[in-house]
Amino acid sequence: MDAAAIAGQQARRRIRPPEPLVMAAAPPTPAGFRCPISLEVMRSPVSLPTGATYDRASIQRWLDSGHRTCPATRLPLASTDLVPNLLLRRLIHLHAATLPPSPSPEEVLSQLAAADADGEPAAAEKAVRSLAAKIAPEKGKRASVASAVSADLDSAVPALLSFAKGGAGADARVDAVRVLATVAPELVSYLTGDGGAEKRDRVNMAVEALAAVLAADGIAEEAREALVLALVAEDLGRVVTTLLGAGANGAAVLEAILTSPVADADDKNAIADRPELFPDLVRILRDAASPAAIRCMAAAVQVRGRPARASMVRAGAIPALALAVAAAPTAAAESALRLLAEAARCGDGKAAIAADAAEVAAAVMGRMIRVGPAGREAAVAALWLCCCAGGGDRRMREAVASAPEAVGKLLVVMQGDCAPTTSRMAGELLRAVRMEQEKKGVAAAYDSRTIHVMPY
């Protein structure tokens with residue numbers, strides 16, 4: 001081999017092909033940085049007396065729901081004090097500094113809209129989590145997120161609402177509502193803006209978002225109070241009219257105003273005195289079987305008293321409340337029973353109840369032992385006021401006596417853990433029922449079927 005060939009071979013050995021460029025992967029997130037409840041990286045780690053550490057928002061929801069054990073260890077808690085884990089928070093922040101820069105709020109909102117349109121819940125949850133992380137106090141980006149959502153309310157708000165209603169995981173759904181809360185004051189202006197049918201969808205969207213913010217557990221009380229103040233600061237008459245036109249969500253917003261401690265008494269009275277309030281709430285209750293409509297009626301009666309009670313009766317609420325007692329969830333049925341008891345305290349209310357005696361008696365007796373103690377007391381009070389007080393009404397006594405297992409159910413109430421006044425009223429009802437049954441030749445004994453109690 002000549003010298004030229006040898007030199008060429010040595011040169012080729014010295015020149016190596018370039019190695020492929022490999023991007024450094026982001027360091028994996030240590031498992032200890034994730035909350036045992038939400039499985040997300042903790043934003044504000046706090047420790048329980050058991051030594052276990054959780055994200056503050058997640059463990060606070062656990063404690064607020066009545067639990068007094070550690071979720072991880074299942075040990076009873078001697079104290080519910082939460083101690084900030086400053087070292088872990090510092091380590092999490094140092095780890096976050098090694099990660100690639102996060103996308104802007106505008107980019108995340110685009111990702112959320114695309115995921116919502118394509119039906120990709122995992123991608124939508126990731127986008128919502130990213131936005132919620134940015135509005136955390138330690139991030140200081142709440143204003144930038146609010147600005148990004150405000151710039152495209154008509155697409156951002158529906159996407160967030162869609163996830164809040166159907167997203168995977170309670171914490172993620174609360175995060176979507178927390179993002180909505182950043183623009184809630186701007187949505188208030190939708191309620192008083194001019195426009196016709198072409199803007200109805202936008203108004204309904206705004207009302208649904210406001211109702212979600214006011215009802216969510218993970219929203220700071222200060223944010224709710226600020227939203228209520230923003231609502232009453234507008235033209236209150238137009239706000240009430242718009243909310244009532246929005247159905248059940250509007251009723252929920254009105255209830256929040258009527259029960260808020262920051263709303264002025266004059267504003268609450270002005271809402272309760274609106275002539276369209278009870279007729280529209282009755283319509284909403286009939287059309288949507290809305291528990292929010294029942295709660296709003298109860299709040300208005302609580303605020304205004306006798307005038308509101310009379311307005312409720314004139315609006316034809318009695319048949320709708322009877323249907324709610326029979327078919328609504330327990331909490332709503334108890335509220336409806338309390339409203340029937342309120343209606344029975346006035347002459348017009350008694351007359352309206354007696355006019356639908358069969359339906360009201362069947363609904364109240366059918367639900368009497370399928371509600372809590374407060375509901376049972378309201379049921380007994382409503383029936384006693386109509387059947388016994390001031391001589392009572394014959395139609396109601398006959399209707400109650402004809403209800404299935406009436407005697408057995410009244411005995412259950414009397415022998416249960418009820419107030420002495422309720423027991424006395426149930427006893428008087430029982431005597432009235434037996435008298436009506438004797439008039440019709442019905443045997444004095446009772447067939448309890450599935451209700452087994454000792455005779456009283």
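**Reading helix contacts and a sheet**

Tutor: Helix 5 and helix 8 cross in a left-handed way; a crossing is left-handed if the near helix is turned anticlockwise from the far one by less than a right angle, and right-handed if clockwise. Helices (H or I, at least four residues) and strands (E, at least two) are DSSP runs, numbered from the N terminus. The model is predicted, so local features need pLDDT of at least 70 and side-chain atom pairs pLDDT 80 or more, while totals for chains, interfaces and linings use all residues. Residues are numbered from 1 along each chain as its sequence is written, and side-chain values use heavy atoms, with hydrogens and water left out.

Student: At what angle do helix 5 and helix 8 pack?

Tutor: Axes are lines fitted to C-alpha atoms, for helices over the stretch in contact, and angles run from 0 to 180 degrees between N-to-C directions. Helix 5 (residues 121-134) and helix 8 (residues 170-181) pack at about 55°, with axes 9 Å apart. Angles under 35 degrees count as roughly parallel, over 145 as roughly antiparallel, 65 to 115 as roughly perpendicular and the rest as oblique. Helix 5 and helix 8 are therefore oblique to each other.

Student: Which residues make the contact?

Tutor: Contact means heavy atoms within 4.5 Å. Helix 5 contributes Glu125, Val128, Arg129, Leu131 and Ala132, and helix 8 contributes Asp171, Ala172, Asp175, Ala176, Arg178 and Val179.

Student: How does helix 8 pack with helix 10?

Tutor: Their angle is about 115° and their axes are 9 Å apart, helix 10 being residues 200-215. That makes helix 8 roughly perpendicular to helix 10. Val177, Leu180 and Ala181 of helix 8 meet Ala209, Ala212 and Val213 of helix 10.

Student: Which residues of helix 6 are buried?

Tutor: Buried means under 20% relative accessible area, exposed over 50%, partly exposed in between (1.4 Å probe, protein chains only). In helix 6 (residues 142-151), the buried residues are Val145, Ala146, Ala148, Val149 and Ser150. Their cover includes helix 4 (105-118), helix 5, helix 7 (153-166), helix 8 and helix 9 (184-188).

Student: What is the order of the strands in the sheet?

Tutor: Two strands pair if DSSP finds at least two bridges between them. The open sheet of 3 strands has the order 2-1-3, with antiparallel pairing. Strand 2 (53-55) and strand 3 (83-84) are the edge strands, each pairing on one side only. Strand 1 (residues 45-47) is joined to strand 2 by 3 bridges; serine 47 has threonine 53 in strand 2 as its bridge partner.
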